[in-house]
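Hi,

Here is the structure I said I would pass on.

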Amino acid sequence: MSLISLKDIYKIYNVGGEEVRALDGVNVTIKENEYLAIMGPSGSGKSTLMNMIGCLDTPTTGLYEFEGEMVNDMDDNQLASIRNRKIGFVFQTFNLLPKATAQHNVEIPLIYGNVRRDQRKSMAAAALESVGLGDRMHHKPNELSGGQRQRVAIARALVNNPSIILADEPTGNLDSKSGREIMEIFDALHEAGNTIILVTHEDYIAAHASRTIRLFDGKIKEDFSKVA
Amino acid sequence: MFSLFIENFRISISAVLANKMRSLLTALGVVIGILAVTLMGTLISGLDKSFEKSMEFLGKDVIYIRKYEWFGDKEWWEMRNRPNIKIKHADVIRERSQYAEYVAPISEWYTSVKRADDDINGVRITGTTDTYAMISTAEIEKGRFFSKTENRSGSRVAIIGKDIADNLFENENALGETFQIGNYTFRVIGELEKQGKFLGMFSLDKQIIIPIGTHRRLFTRRGWSGINVKVDGTQLDNATEELTALMRQLRHVRPTEDDNFALNRQDPFKEQYSMIKLAIGGTGFFITVLSLVVGGIGIANIMFVTVKERTREIGTRKALGATPKMILMQFLMESITICLFGGLFGLALAWGGSLIINQYFPSEMPINLALTALGLSMLVGVISGLAPSYKAAKLDPIDALRYE
């Protein structure tokens, strides 16, 4: 059974009276424990697709099913809930709260998920432990390196035990060494059974994934799976 | 939901503390508003106290028969031509009035008193009878009032007010000592308790009471005279009516003529005072509302800036699962917190201010008003935070995440 299924997805914007088809009839299914890279030049619609999969956006037309739930006709509150429970986001710019400690940053999704304080603390600590930051829990983002910040962000994405981890150019703001470390973490998470979706325009990043989708002008141009 | 409330409160506190100066300037309107309303309350409470005390001095059941009206629209020059109040009428009133319980004639004159090198100018010298002690609310602190005999014989004995005792006798025991009123030597037989100022205008303690016979003989044809009548407090109006008729008869006022005397009571003071109080309260209220409105606009403005500054944070929070309502609550809480800080700061200033006011006249900061003021500042926070918070709640997460 597929985890995610997108059927005939169209996303059409009206820019200055002109119709822009950001997604022009996209069909994708993603299974559990897949390691997927979404690629494409800017304007290809890869960001739109990522937002769609991440339940930040809904399609103009088409059906989006996430673990049996129909996302395409959800309201803002339902979308917020599904993002909170089922999706872990990792952003290119980390997007940590600058004044909160690493542990508190990781707790944020749990706070919105209404998890009790003591449970929250231990879950956040475990998530930080799993990305190798057990000794940096009480540091604030400005006391951490770029790579460490991104690891905090990964811990934050993991902490709710989501169905998918959605990473948008996760190494884009990092030096190559830190970038490699981050990719190792993603590889390990995949090994451990997580479903990972990477959005990137770097081939060597996409090479970590076992399946690559290339978008062009809002259409899937290539959907290629590595033979294991 | 409770942990979310705590989280929001934490965010608010740290946001306020991160921008201390900005928060303070933002909340200045609220600070001034709260300061105005509480100081006004303190002032009114102080005025109330001092007014109550002054009214106590007049007594609510005493009718003051005088040549001049204390209040009213009569011209002073009209009243000046009235004949003086004759103190012998006091005896007639005592005999004939049904309502009068105690009657004391009063003669007053201002002059200087001295003892050795010390002298005091403008001391009120009141001549009266021993009955005065029954009418006056001022207690004798030391010694005694003069007796009927001393009154009749025109003894040169005096009961002195607190100011006189403090200035002429300082640390000595004044009882039995002598001093000069004008050129005449008097002996102190009693000291009055401290009475303070009458409506903050003149000191009631700068007074000396002597027998009226003595007063008439030494200071005759000077100063003014009157009659104080203590009546049953529940019969004030009847007593006034009766005394008016009696006085008209005694002074041969024809039926077609107006009264050529005045029966003064404390009630018109109350009316005047409520008007003053209303004026002070109205001004304070106006200042408060104005500064809270201006303050509220300032807070709304800074909250819009805050929402703009933290657009990416809002986007991130939404991506992590915050619903629009949660975001709304977060920014509303922040706006309320700024106002609450402003309110507390204003209250602290007002408390300091009330201590200073208290030095000059006794007053206290009304607790209820302080709590209402805090509530009011929170209300300002809610109202002014509503629009910016709603804007934050409605932000599209994709646009917010992309915001540079």
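Let me start with one pairing in chain A: Tyr35(A) has Ile196(A) as its bridge partner in S8(A). Keep in mind that this is a predicted model. The two strands involved are S3 (residues 35-39) and S8 (residues 195-199) of chain A, which run parallel and share four bridges. In general, strands of a sheet pair through backbone hydrogen bonds, either parallel or antiparallel.

Zooming out, chain A has an open sheet of six strands with mixed pairing, in the order S6-S7-S8-S3-S9-S10. At its edges sit strand S6 (87-90) and strand S10 (219-225) of chain A, each pairing on one side only. On average, neighbouring strands here are turned by 15 degrees against each other, direction ignored. Helix H1 (residues 46-53) of chain A lies across S3, S7, S8 and S9 of that chain, at about 140 degrees to S3(A).

Now to where the chains touch: 19 residues of chain B are in contact with 20 residues of chain A. On the chain B side, helices H1 (2-18), H11 (311-319), H12 (324-360) and H14 (397-402) each give two or more residues. That side divides into 10 nonpolar, five polar and four charged residues.

One more spot in chain B: Val30(B), in helix H2 (residues 20-58). Is Val30(B) buried or exposed? Val30(B) counts as buried because it has 32 C-beta neighbours inside 10 Å. Beyond its neighbours within four places in sequence, its contacts include Leu292(B), Cys339(B), Ser377(B) and Val380(B). Asp91(B), 61 residues away in sequence from Val30(B), is 63 Å off in space, C-alpha to C-alpha.

Cheers

How values were computed. Residues numbered from 1 in each chain as written. Chains lettered and ligands numbered in written order. Predicted model: local features only at pLDDT ≥ 70, side-chain atom pairs only at ≥ 80, totals over all residues. Buried ≥ 20, exposed ≤ 12 C-beta atoms within 10 Å, placed from the backbone. Contact = placed C-beta atoms within 7 Å. Nonpolar A, V, L, I, M, F, W, Y, C, P; charged D, E, K, R; others polar. Pairing = 2+ DSSP bridges. Axes fitted to C-alpha atoms, helices over the stretch in contact; angles between N-to-C directions.
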